[in-house]
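Hi everyone, thanks for making time for this one. I'd like to walk you through a protein model, starting with the overall picture and ending with a few backbone details.

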Amino acid sequence: MRFETKAIHSGRQVDKSTSSVTMPIYLSTTFERATDGSYPNEFVYSRENNPNRHALEDCLTSLEEGHDCVTFASGMAAITSLIEALPSDKPRRVIMPNDMYFGIRSLLSKTDIGSKFDIVIVDMTDPHEVKKAIKSAPTGLVWIETPSNPLLKVTDIEAVAQIAQEVGAYTVVDNTWATPVLQRPLNLGVDFSLHAVTKYIGGHSDLMIGAAIAKSNSPMLANLRAWQHSKGAVPSPFDCWLALRGVQSLAQRMATHCSNTSAIADFLKHHPNIEAVHYPGLAEHPGHHIAERQMSSFGSMLSFQVKGGWDEAMAVAAKVQLFIRATSLGGTHSLIEHRASVEGSTTMAPSNLLRVSIGLEHVDDLKEDLLQALE
């Protein structure tokens, strides 16, 4: 089946008891055993498994062309579990990119994850730097984020995966911004593809789920499944149902998201009050050719720097009328955010940078809103 068909049919079927086309929401926390003590439908307790979660995991596995999927209550729960699930026989060294989601930086600095693992930060866009870091000491995990947050740096997934494989390290790609519509990391050699399903897959800013899709069976996958069951950070049946609803329109939504964003990026780069536009769809972007090779389109996130500094950027964000000043991304509404003020004193974002998630509004209305805000 092609992607669009998988998005509608994978993991789901007509309900046998009612002939319902839409899958019911199974809110039950426990399931009846047969008289012989067995569980004929394989469901025991909702923390362990649930029909809605099972369907979502099957669907995401199919979309990423993977072996299995493990879902969690949030993207951060999935991130934490992926790091902690590194098998005990692997080195505790984790290599991460210098431009990555701020939530991971907070995880490393505010919890024991940062002390339990030897975290090494490198410029992941330079394979030579990655190779140098991996060769300098035994490494267990390489963490890739592409396009990155918030500067939209592009990493050559295949090249980094190959370097990691040479030393037996696991690889993870945070594929949230690209989605499986635009990028299939497992086909490029990595071990796990991570999603904050909250974002584009859900697509409507009304649920919270994280997911890790595995390329193959492995000790790390077994640990992930054990973490999900025993640590209990599982998504609710209703959130799984919402995610399955959202994924059905993912391909069509991403087409509009990407088309709108490409037009906005081109508009912004010609505006006299813009210092820089960070978007891999622009030919002048340093990662454009790599993105062109490993992505089918360039996504719907971009960042731009306003001429001036903090005050000038905040003034633009204050003047928008259609764009909503809010965090997160991937929903139908266009959002704008001044990342430095969100992240605080440890931010890596330039003080004049605004990050935007382009939604599904008419692109001309979005242009007009930015135009009046910039002037």
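This is a predicted model: local features need pLDDT of at least 70, side-chain atom pairs count only at pLDDT 80 or more; totals for chains, interfaces and linings use all residues.

Let's begin with the whole chain. The protein has 15 helices and twelve strands. Its radius of gyration is 21 Å, close to the 21 Å from the globule rule for 375 residues, so the protein is as compact as a globular protein of that length. Along the principal axes, the C-alpha trace spans about 75 × 55 × 35 Å. Of the 375 residues, 55% are buried. Among contacts with a separation of 6 or more, 72% come from residues 24 or more positions apart. The accessible surface is about 15700 Å², and carbon and sulfur atoms hold 52% of that. As for charges, there are 32 positive and 41 negative ones, and their mean positions lie 4 Å apart.

Now, please look at the loop between α1 (3-9) and α2 (51-64), where you'll find N50. What does the side chain of N50 reach at 2.7 Å? That would be the backbone nitrogen of N52. The N50 side chain also makes a polar contact with the side chain of S46, at 3.0 Å. Leaving aside residues up to four places away in sequence, N50 touches Y26, S28, F31, F43 and P237. With a relative accessible area of 1%, N50 is buried.

N49 sits in the loop between α1 and α2 too. At 19% relative accessible area, N49 is buried, and with the sequence neighbours up to four places away set aside, its contacts are F31, F43 and H54.

On to the backbone. Most residues other than glycine have a negative phi, and most peptide bonds are trans. Here are some exceptions. S19, in the loop between α1 and α2, has a positive phi of about 65°. S19 is exposed, at 53% relative accessibility. E65, in the loop between α2 and β1 (68-72), has a positive phi near 55°. Is E65 buried, exposed or partly exposed? Its relative accessible area is 38%, so E65 is partly exposed.

Finally, the cis peptide bonds. One joins T146 and P147, with omega about -10°, and another runs from N149 to P150, with omega near 10°. P147 lies in the loop between β4 (141-145) and α7 (157-166), and P150 is found in the loop between β4 and α7 as well.

Methods: Residues are numbered from 1 along each chain as its sequence is written. Side-chain values use heavy atoms; hydrogens and water are left out. Helices (H or I, at least four residues) and strands (E, at least two) are DSSP runs, numbered from the N terminus. The radius of gyration is taken over C-alpha atoms; the globule rule is 2.2 Å times the number of residues to the power 0.38. Buried means under 20% relative accessible area, exposed over 50%, partly exposed in between (1.4 Å probe, protein chains only). Contact means heavy atoms within 4.5 Å. Accessible areas come from the Shrake-Rupley method with a 1.4 Å probe; for residues, only the protein chains shown count as cover. Lys and Arg count as positive and Asp and Glu as negative; His and the chain ends are not counted. The place of a charge is taken as NZ of Lys, CZ of Arg, CG of Asp or CD of Glu. A polar contact is a pair of N or O atoms within 3.5 Å; within protein, one must be able to donate a hydrogen and the other to accept it, and residues adjacent in sequence count only if both atoms are side-chain atoms.
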